[in-house]
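These notebook entries record what I looked up about charged side chains. The sequence and the structure come first, and my entries follow.

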Amino acid sequence: MQVREKNNMKSWRLVAVLVITLFGMNAFGQKETKDEKQITKCWKVFKTKSYSKGIDKLEKYMSKQEWPSLLAYESLVSMHYANYSRNAKIFGFDLKVEIDGVENDSLSLTFQDLMEQIYRTGFLDVCRMSTMESTSPSADVYLRQLMVDIDPDTAVSDKGSEYYLEAEKFFVNQDFELAESNYRKALKEDTAYYKAHLYLGDSFWARHEYDSALVYYNIAREMQPNLLEPRIYIIDALVEQELFYRAKKECIAALTVYPGHNLKYKLQRVLYIENRFMNEHRLKRRFYPNDMANDEQPTLEENVFWADYRKAKAEVSKYCNADGIIEENGETEDRYLEVYSLRRMLEQHIHDLPEPLHFADKMREEGFLEPYVFVSLFHIDIYPQFKDYMADEANREKTIDFVEKYLIEVI
């Protein structure tokens, strides 16, 4: 029976390991490639010697390649997550640490916070890199869960929380009827309990009752329209029912909430049923988007095009806040630093743009540069700009139109 993990962080670690295992075990009856063999060796060191040695070996291997494989990045993220989780247990991240029944003194808490900041920042940086240089779906999910998602249920009652935790225990033990009963009790105590609605749907999902699951997933989506998780569950349930057209529409609409690689891979799988695919015309790069809060970004002088992109940050800095949102001024109509920067680069090289930039320039000419930047070139670093843009319903509709009109192609 297919059971959705309650802990999404754990489930995505398992997904990454599953991908690695499929390659390593030659699941499709094909010989391992050289890349797969090298990554398998790194995993062996990671598991038998130490986490740090396995990570070092993988990073050294990846540094010798122009563009490492997706498998390499997924492995790197999975290793770093395991290391992050281990250190979280050692240093008690997100836990109230007590000594003899008394909370730690300020010095101990400061040390704990420092350790969390060090390991959390290191892990997030690996994920940021893996979603910029590659299309790592697991890195993308970790970034969303750690940096974007909120907990809507901080005000639930103690009784409601008790019923919810009981439901979770029953779910983990695959007693889905009792899980359902306790989720319902939690909702009776707190009718606006988001997670109780969402996972009540999961209790039906686990029993393959997808119509019932969809009822509660949709309620959860309506309660928290800016959270991606219920939308992902809706897409999965529609696919299970082979309602591919509806699943496609849900995927495209969800791109206006958080257009990460995980969601894009789901859309690709749905489009494949229609003999179509999404060509997002993504630009590969090894540097992060312009950041007003970072005065030490590399100038990119080795590339005349991207050097002009970087210079654009200084041109608009006096109008731009730390999130990259530009206030109204007499020099530009652009509201977003990333859009302005790309536009300036394109406009300064209209007659000598290389082929990879032709689609971007076409979007500039046709008035779709914003949705192109926020969907095809999305990165967690520009999320505040993305969020501001998508707060307007007209912009969300324009984005959906952009995806359907320009990105979806016939195989």
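Is Lys49 buried or exposed? I looked up its relative accessible area and found 62%, so Lys49 is exposed, the cut-off being over 50%. I note at the outset that the model is predicted.

**Entry: salt bridges in the whole structure**

How many salt bridges does a search of the whole structure find? I recorded 24. I followed several of them individually.

**Entry: Arg128 and Asp381**

I looked up the salt bridge between Arg128 and Asp381, in which the closest N and O atoms are 2.7 Å apart. Arg128 lies in helix α5, residues 106–133, whereas Asp381 lies in the loop between α17 (369–376) and α18 (383–390). The pair therefore ties together parts that are 253 residues apart in sequence. I also checked the accessibility of each partner. Arg128 has a relative accessibility of 17% and counts as buried, because the cut-off is under 20%. Asp381, with a relative accessible area of 26%, is partly exposed.

**Entry: Asp361 and Arg364**

I turned next to a salt bridge within one helix. Asp361 and Arg364 form this bridge, and their closest N and O atoms are 2.7 Å apart. Both residues belong to helix α16, which covers residues 358–365. Because they are three residues apart in that helix, about one helical turn separates them. I found Asp361 to be buried, and Arg364 is buried as well.

**Entry: Arg221 and Glu222**

What is the N to O distance in the salt bridge between Arg221 and Glu222? I noted 3.9 Å for this pair. Arg221 counts as buried at 15% relative accessibility, whereas Glu222 is exposed, with a relative accessible area of 58%.

Methods
Residues numbered from 1 in each chain as written. Predicted model: local features only at pLDDT ≥ 70, side-chain atom pairs only at ≥ 80, totals over all residues. Heavy atoms only, no water. Buried < 20%, exposed > 50% of the residue type's maximum accessible area, 1.4 Å probe, protein only. Salt bridge = Lys/Arg side-chain N within 4 Å of Asp/Glu carboxyl O. Helix = DSSP H or I, 4+ residues; strand = E, 2+ residues; numbered from the N terminus.
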